[in-house]
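Reader: Hi! Could you walk me through this model, a piece at a time?

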Amino acid sequence: MESGEGNNNNNNGGSNHGCGESKELYCSSWWSQFRNVSNPWMARYVYGFIFLVANLLAWAARDELTSLKALTQMKGLRGCKVGKDCLGAAGVLRVSFGCFLFFMIMYWSTAGTSKLKEGRDRWHSGWWLVKIVLWVAITIFSFYLPSEFIEVYGQVAHFGAGVFLLIQLISIISFIRWLNDYFITEKYAERCQIQVMLFATSAYLICLVGVILMYIWYAPQPSCLLNLFFITWTLVLLQVMTSVSLHPKVNGGILSPGLMGLYVVFLCWSAVRSEPAGNSCVAKAGYVYETDWQSIISFVVAILAIVIATFSTGIDSKCFQFRKEDAAAEEQEDDVPYGYGFFHFVFATGAMYFAMLLIGWNSHHSMKKWTIDVGWTSAYVRIVNEWLAVCVYLWMLLAPIIRKSRQSDST
């Protein structure tokens, strides 16, 4: 999420800064900042572009490269049988491993960076030719690795993708709670009361419409018990979140459960949409029978969503700090604007995540062209992610009350 960025005066070149000597870093043109390695906010866009290219390469390895005779007949790649083991699902994993290893190297070399203009800050924000060559070399190297190693990486990637989903989940919930707390402060509580009510009401209406459409599209028959359970349980969870948030002891307001409802309904929709074709309970399956412009646009949007989600989560390291107030009080002008190590770690786990989406969380699962995140494994991952999101949200609401009750009991 971008909340961490919005709270930092160094955001996007620091337009609020004067051009004094201490602010020189943010006062030059964007090209000068990029060339002179002077703005870490610019650097994150380059990393995001590298991550996008890795996603496209993984898609090409799955859907396009198998049609190239020059590649399918390559016998020089160790562990490949006429190139087949290096393409398809295994090709996705190899590109993913190259991206993962690159960002892990960046993580190891930048973790703990605290001040601007030190060596590790310059390495994070510059040396682009060296880093691009490094990434390309690692990606090519991954195609020479034995198939057995890639199989092991594919299993480990399940865990790494789960870590990414957990980080993203906490980041989203933290942003929702921050937004809710922002509007219930004394400064905005009365002035924005009508806007908050309209926004919350709209969120609940969208949730209701989404649930109704899921019943129509994905549970058209009484025999569709699994989808009926998923959708109905989503309604129950929405009611539970609202009731807990409005409880007098919690007093969390109506906005945050409404926004969480949107996220939960979206996860449920993603789950039932990921169910494979051939299921009579899926009126609009995720599989594509004919390649048309709608399927291509849907696929491109899904790829961009992965990149944006990884990009926004990577700069939100502040929501994982245990002592935020102390950290904010100690911030100095030359502190780094976001955690470099956390940023690269998120991208490393994101590399595992996009691999799982492109192969349907199963390296032996055949995916049709222009499809992403389709299969029963994908559906269950989404459902578990939905239930986990609700549990984390409820814990964030109840934890302060439980902590206070324990403190009162101890005294």
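Reader: Thanks! Which helix is Asp121 found in?
Author: Asp121 is found in helix H6. Helices here are DSSP runs of H or I with at least four residues, strands are runs of E with at least two, and both are numbered from the N terminus. Before we go on, this is a predicted model, where local features need pLDDT of at least 70 and side-chain atom pairs count only at pLDDT 80 or more, while totals for chains, interfaces and linings use all residues. Residues are numbered from 1 along each chain as its sequence is written, and side-chain values use heavy atoms, with hydrogens and water left out.

Reader: Good to know. Is Asp121 buried or exposed?
Author: Asp121 counts as buried because its relative accessible area is 5%. Buried means under 20% relative accessible area, exposed means over 50%, and partly exposed lies in between, with a 1.4 Å probe and protein chains only.

Reader: And what is Asp121 in contact with, leaving aside its neighbours within four places in sequence?
Author: The partners of Asp121 are Pro40, Thr113, Lys115, Leu116 and Tyr340, once neighbours within four places in sequence are set aside. Contact means heavy atoms within 4.5 Å. Tyr340 is 219 residues away from Asp121 along the chain, yet their C-alpha atoms are separated by 8.4 Å.

Reader: Nice. Zooming out, how many helices and strands are there in the chain?
Author: The chain has 15 helices and zero strands. Of its 411 residues, 49% are buried. If you take contacts between residues at least 6 apart in sequence, 76% join residues at least 24 apart.

Reader: So what does the largest nonpolar core look like, and which residues have the most contacts inside it?
Author: It has 57 residues, and Phe51 and Phe354 are those with the most contacts inside it. At least two residues of this core come from each of helices H3 (40-63), H5 (88-110), H7 (128-142), H8 (147-183), H12 (293-314) and H14 (340-359). H14 gives the most, with 15 residues. By definition, such a core is a set of buried Ala, Val, Leu, Ile, Met, Phe, Trp, Tyr and Cys residues joined through side-chain atoms within 4.5 Å.

Reader: What does Phe51 touch there?
Author: Beyond its neighbours within four places in sequence, Phe51 is in contact with Cys99, Phe103, Ile306, Val307, Thr310, Phe347, Gly350, Ala351 and Phe354. There is also a second, separate core of 40 residues, which includes Ala200, Val211, Ile231 and Leu238.

Reader: Let's do helices. How far does H3 reach?
Author: H3 has 24 residues and reaches 35 Å from its first C-alpha to its last, close to the 34 Å expected at 1.5 Å a residue. That expected span is 1.5 Å times one less than the number of residues. H3 is mostly covered, with 18 of its 24 residues buried. Helix H11 (residues 255-273) is mostly covered too, as 15 of its 19 residues are buried.

Reader: And which residues of H10 are buried?
Author: They are Asn227, Phe230, Ile231, Thr234, Leu237, Leu238, Met241, Thr242, Val244 and Ser245. H10 has 22 residues and spans 31 Å between its first and last C-alpha, close to the 32 Å expected at 1.5 Å a residue.

Reader: What about the surface? Which residues form the nonpolar patch?
Author: Leu226, Phe229, Trp233, Val236, Val240, Trp376 and Tyr380 form it, with about 590 Å² of accessible area together. H10 (225-246) and H15 (376-410) each supply at least two of its residues, and the largest share, five residues, comes from H10. Patches take residues with over 30% relative accessible area and no salt bridge, joining like charges within 9 Å and nonpolar side chains (Val, Leu, Ile, Met, Phe, Trp, Tyr) within 5 Å. A salt bridge puts a side-chain nitrogen of Lys or Arg within 4 Å of a carboxyl oxygen of Asp or Glu. Accessible areas come from the Shrake-Rupley method with a 1.4 Å probe, and for residues only the protein chains shown count as cover.

Reader: Why does Phe229 count as partly exposed?
Author: Phe229 counts as partly exposed because its relative accessible area is 41%. Val236 is also partly exposed, at 34%.
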